[in-house]
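Hi there,

Here is the structure I promised to send over. Have a look at it first, and my notes on it follow below.

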Amino acid sequence: MASNPNLLSQKIRYSISSLCNSKPPYASSNALLSVFPFRRSTYLPLRATNSRSISAVAGGISFSWDDIDRVSQPQYAPHDCSDLGGFFDKIGICNRGLEMHSEFLPFVIEGQIVGYIHHHFANNLRSFQEVFIFPKDSSYGGCFGSHVTLHPMLKSHEGRTGAVGEVIKCLAEKELIPGIRNELYPVVSSFGAPIFFSLERAAAPYFGIKAYGVHMNGYVEKDGQKFLWIGKRSQAKPTFPGMLDHLVAGGLPHGIACGENLMKECEEEAGIPRSISHSATPVGAVSYVDIDGCRYKRDVLFCYDLKLPGGFIPKNQDGEVESFRLIPVGNVANVVKRTEFFKPNCSIVIIDFLFRHGYMNPEYLGYLDLLRSLKSGDCS
């Protein structure tokens, strides 16, 4: 007899509601998470200045635009122009923990691996037996002889999204998934493939799904020299507060195309009207895979370039950017190379820009290795 999807949904919500009042196997996310280790670059240690000291603080790095200007100057380290070591360091920061892959269970939907879930975090899902099941099957790899999938009664996109969403809400209340965004990411085996269901953005790394985003290099040409607009993130941002960022960047949520999402982000983050942003050029993609505790990030970033009018001044509209500066591209490269001021994945996109715009020479030792490393993750 066919099941009634509405009754099933009500049953799942009631079941999850009762489970939310019970103690989870892991009561706090603090035991599961390791905070991103903001480190000063081992390539070129930074020195304190009179304007403001460059020092590591809880949750980020404290620095001023004066610090950025100082460390970006060629004379700050006059002999490092052909040394790519600082760039390799930034690639490494976004590609940590690969040796921990064996600690994760494959997350499988309709025979496709769509993610990876740490075996400790997976224990928090075992109580939700009407949503998640753990078949004994080693055909998808892994070291545990099983994988995670959704209950076979959950067949539709809407039903899966709703049921998993109730679980995420419960886990968030128990502080097992922090920073809920109320934004859905599509769960797919690869970009453009059928969408199995949609998942809360904050939960994406805990389920190891592929996540996609758009990053735009907004640049200006003056007297034959290129400059990049750089943003400094608001101190109120829950992630990477106060760090440097692209002029425009954002995740790619469910139900919106890359180009449309980019134009939306241009308006919100930099006040760029569609009459200008529609000229942004798609120039490729970068990827990385980062395992940090129970979080497994498999990100692909679609890269865009936008040549802006010389007189354009960006104005943030959503309160997420503290300020902007227009900086010569060569100086931006020095900041990426010498510091960890940039939000980590922005460094990869900027390195890609440096290759495409002729700021990297094949004569530099490690040129091809660095180029290949821009797609360290599964770029699909």
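Which kind of link joins the side chains of Glu-110 and Arg-160? They meet in a salt bridge, with 3.0 Å from N to O. I use that term for a side-chain nitrogen of Lys or Arg within 4 Å of a carboxyl oxygen of Asp or Glu.

Before going further, please keep in mind that this is a predicted model, where local features need pLDDT of at least 70, side-chain atom pairs count only at pLDDT 80 or more, and totals for chains, interfaces and linings use all residues. Residues are numbered from 1 along each chain as its sequence is written, and side-chain values use heavy atoms, with hydrogens and water left out.

Back to that pair. Helices (H or I, at least four residues) and strands (E, at least two) are DSSP runs, numbered from the N terminus. Glu-110 is exposed at 56% relative accessibility, whereas Arg-160 is buried at 8%. Here buried means under 20% relative accessible area, exposed over 50%, and partly exposed in between (1.4 Å probe, protein chains only).

H5 itself has 17 residues and reaches 24 Å from its first C-alpha to its last, close to the 24 Å expected at 1.5 Å a residue (the expected span is 1.5 Å times one less than the number of residues). Its buried residues include Arg-160, Val-164, Ile-168 and Leu-171. Just after H5, Glu-175 takes a positive phi of about 65 degrees.

The count of salt bridges comes to 19. Among them are these:

- Asp-352 pairs with Arg-356, their closest N and O atoms being 2.8 Å apart. The two are four residues apart in helix H10 (residues 344–356), which means a separation of about one helical turn. Asp-352 is buried at 10%, and Arg-356 is partly exposed at 32%.
- Glu-265 pairs with Lys-264, with 3.5 Å between the closest N and O atoms. Glu-265 is buried at 9%, and Lys-264 is partly exposed at 25%.
- Arg-96, Asp-290, Asp-292 and Arg-295 are linked in a network of salt bridges.

Leaving aside residues up to four places away in sequence, Met-360 touches Leu-84, Phe-87, Ile-351, Leu-354, Phe-355, Tyr-367 and Leu-370, where contact means heavy atoms within 4.5 Å.

Finally, the chain as a whole. There are eleven helices and 15 strands, and 53% of the 380 residues count as buried. Of the contacts between residues at least 6 apart in sequence, 69% join residues at least 24 apart. The chain exposes about 16900 Å², with carbon and sulfur atoms supplying 53% of that area (Shrake-Rupley method with a 1.4 Å probe).

Best wishes
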